[in-house]
Amino acid sequence: MCQLLGLNANTPTDIAFSFTGLAERATEHKDGFGIAFFEGPGLRCFVDDRSARDSPVAEMVKRFPVRSEHIVAHIRKATQGRVALQNTHPFVRELWGRYWVFAHNGDLKGFCPKLHAAFRPVGETDSERAFCWLMQELAKNHARLPDVPALTDTLRELAAPIAKHGSFNFLMSHGDALWAHASTSLHWLVREHPFGAARLQDADVTVDFAQHTTPSDRVALIATEPLTRDEPWQAIAPGELIAFAQGRPL
């Protein structure tokens, strides 16, 4: 099973601590990794078809001084599609003059929708096919960029028929909000004042967030499995889709 990591915050925030924990899980999930940072309408996306544990790109990301309000990361264990750069998440498309980012954990059997020329997969994964179909159907349902509640309603309707084909845990963002859909395993956490210390599950690393935050900061994290010990992670129910904005679930 692939591993997902998302961040949504009310102020630009770095993800080095959480990404370090995610990269430790690349022993089994060694078929590539990727991470995308929104900076206003702009986007930085780094992908590599090497394991996040030995990729020089991953080492660069751990030290990269980027702070963002919306981040999507993924480490891959291939189920459909060979290990190759074009099959590495997150995937990126443009719609309504905005970048959209998508990463999927799961396996969709027999999902072969009709796709028109505007949204076609470059690689061979079920994940990219699902993303292209979501983009296509969003464009059909809305003539222009709708608000976050309207997008949430539409995405909830669109996710259901895809999930019938197998496990469909995904993260998706367009730089104003981040959506998380659970099929089997996805968890979320909000860090806010009063901040405390957190220790990674997969590495002997601890950070006291009280030393790096202000009382107004708020950060939501979404991960396949909880990344830290002694923090109140909550499981997203199977079939549930949650929109996160300004560091909290809507």
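Which residue in E3 stands opposite phenylalanine 33?

1. The model is a predicted one. In it, the residue facing phenylalanine 33 is aspartate 48 of E3. The two strands concerned, E2 and E3, pair in the antiparallel sense over seven bridges. They form a hairpin with two residues between them, and glycine 40 in the turn has a positive phi of about 60 degrees.

2. Strand E2 also pairs with E4, to which five bridges join it in an antiparallel arrangement. Here glycine 34 stands opposite histidine 74 in E4. E2 is mostly covered, with six of its seven residues buried.

3. These strands belong to an open sheet of seven, in the order E3-E2-E4-E1-E12-E9-E14, with antiparallel pairing. Its edges are strand E3 (42–48) and strand E14 (234–235), each of which pairs on one side only. Elsewhere in the sheet, strand E9 (residues 187–192) and strand E12 (residues 218–223) are paired antiparallel over six bridges. Histidine 187 has alanine 223 in E12 as its bridge partner.

4. Two helices are placed against this sheet. Helix H1 (residues 16–24) lies across strand E1 (3–13), strand E2 (33–39), strand E4 (68–75), E9 and E12, and runs at about 175 degrees to E1. Helix H2 (residues 56–63) packs on the sheet and touches E2 and E3, its direction making about 35 degrees with that of E2.

5. The buried residues of H4 are Val148, Leu151, Thr152, Thr154, Leu155, Leu158, Ala159 and Ile162. What covers them includes strand E6 (98–108), helix H3 (126–141), strand E7 (166–173), strand E8 (178–181) and strand E15 (241–245).

6. As a whole, the protein has four helices and 16 strands. Its radius of gyration is 17 Å, close to the 18 Å that the globule rule gives for 250 residues, so the protein is as compact as a globular protein of that length. Along the principal axes, its C-alpha atoms fill a box of roughly 50 × 35 × 30 Å.

7. Buried residues make up 55% of the 250 residues. Of the contacts with a separation of 6 or more, 72% are between residues 24 or more positions apart.

Methods:
Residues are numbered from 1 along each chain as its sequence is written. This is a predicted model: local features need pLDDT of at least 70, side-chain atom pairs count only at pLDDT 80 or more; totals for chains, interfaces and linings use all residues. Side-chain values use heavy atoms; hydrogens and water are left out. Two strands pair if DSSP finds at least two bridges between them. Contact means heavy atoms within 4.5 Å. Axes are lines fitted to C-alpha atoms, for helices over the stretch in contact, and angles run from 0 to 180 degrees between N-to-C directions. Buried means under 20% relative accessible area, exposed over 50%, partly exposed in between (1.4 Å probe, protein chains only). The radius of gyration is taken over C-alpha atoms; the globule rule is 2.2 Å times the number of residues to the power 0.38.
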